Amino acid sequence: MPLSEHEQHLLEQMESAMYAEDPKFASAMRGRTTRSRHRRRLLLGGVALLVGLVLVVVGVTGPVALAVVGFVIMLVGAGFALAPERRGPIGAVGPTGQPLPRRRAPRSERAGRSSGFMDRLEQRWDRRRDGGQWG
């Protein structure tokens with residue numbers, strides 16, 4: 001439900017008062033943009049990738065364990081830089097603000113939906129035991 005013009009005007013006044021009163025707090029509450037978070041992930045992943053590469057090069061001329069650790073750091077850095085950002089839990093939220101656990105539908109309710117791999121295997125096994133045709 002959208003805000004009325006009066007409510008929007010009040011909200012703008014409250015925001016401007018907050019910025020005037022404590023600009024540092026207001027900017028912290030605004031949070032980061034998606035672009036800056038993505039840029040930060042790429043930067044951290046790139047740094048880890050470079051550190052890992054240096055360790056691999058040093059490990060080739062020295063202890064091999066150092067090269068293995070460097071390779072693992074390179075993989076983790078690349079994975080961190082390229083992986084999508086994880087979002088918070090999606091779903092119902094309880095009165096305390098914590099996400100409610102996802103409830104799986106009982107087997108009887110799921111039977112109407114398209115059956116999964118295990119359900120099809122069970123059906124084939126039952127038909128086989130009953131002398132039915134494979135299929």
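User: What is the relative accessible area of D126?

Analyst: Start with the classes: buried means under 20% relative accessible area, exposed over 50%, and partly exposed in between, using a 1.4 Å probe and protein chains only. D126 has 36%, so this residue is partly exposed. Keep the source in mind: this is a predicted model, where local features need pLDDT of at least 70, side-chain atom pairs count only at pLDDT 80 or more, and totals for chains, interfaces and linings use all residues. Residues are numbered from 1 along each chain as its sequence is written, and side-chain values use heavy atoms, leaving out hydrogens and water.

User: Which residue forms a salt bridge with D126?

Analyst: A salt bridge needs a side-chain nitrogen of Lys or Arg within 4 Å of a carboxyl oxygen of Asp or Glu. Here the partner of D126 is R129, with the closest N and O atoms 3.8 Å apart. R129 counts as exposed, because its relative accessibility is 58%. Searching the whole structure gives 1 salt bridge.

User: Where do R129 and D126 lie?

Analyst: Helices are DSSP runs of H or I with at least four residues, strands are runs of E with at least two, and both are numbered from the N terminus. R129 and D126 share helix 6, residues 117-129. They sit 3 residues apart, about one turn of the helix.

User: How many helices and strands does the protein have?

Analyst: There are 6 helices and 0 strands. Along the sequence the pattern reads α-α-α-α-α-α.

User: What share of the protein counts as buried?

Analyst: Of its 135 residues, 9% are buried. For area, the Shrake-Rupley method uses a 1.4 Å probe, and for residues only the protein chains shown count as cover. The accessible surface is about 12000 Å², and carbon and sulfur atoms hold 63% of that.

User: Which residues form a nonpolar patch on the surface?

Analyst: Patch residues have over 30% relative accessible area and no salt bridge; like charges are joined within 9 Å, and nonpolar side chains (Val, Leu, Ile, Met, Phe, Trp, Tyr) within 5 Å. In this model, V64, V68, V72 and V76 make up such a patch. Together they have about 360 Å² of accessible area. V64 belongs to helix 4, residues 64-82. With 60% relative accessibility, V64 counts as exposed.

User: What does R41 lie over?

Analyst: A charge sits over a ring if NZ of Lys or CZ of Arg is within 6 Å of the ring centre and within 35 degrees of the ring normal. R41 lies over the face of F80, 4.2 Å from the ring centre.

User: Is R41 buried or exposed?

Analyst: Buried, because its relative accessible area is 17%. R41 belongs to helix 3. Contact means heavy atoms within 4.5 Å. Beyond its neighbours within four places in sequence, R41 contacts F80, A81, A83, P84 and E85.

User: Which helix holds R39?

Analyst: Helix 3. R39 counts as exposed, because its relative accessibility is 53%. Its C-alpha is 9.0 Å from that of A81, 42 residues apart along the chain.

User: What does V56 touch?

Analyst: Leaving out residues up to four places away in sequence, V56 touches A67, G70, F71 and M74. V56 is in helix 3, residues 34-61. V56 and F71 are 15 residues apart in sequence, yet 6.2 Å apart from C-alpha to C-alpha.
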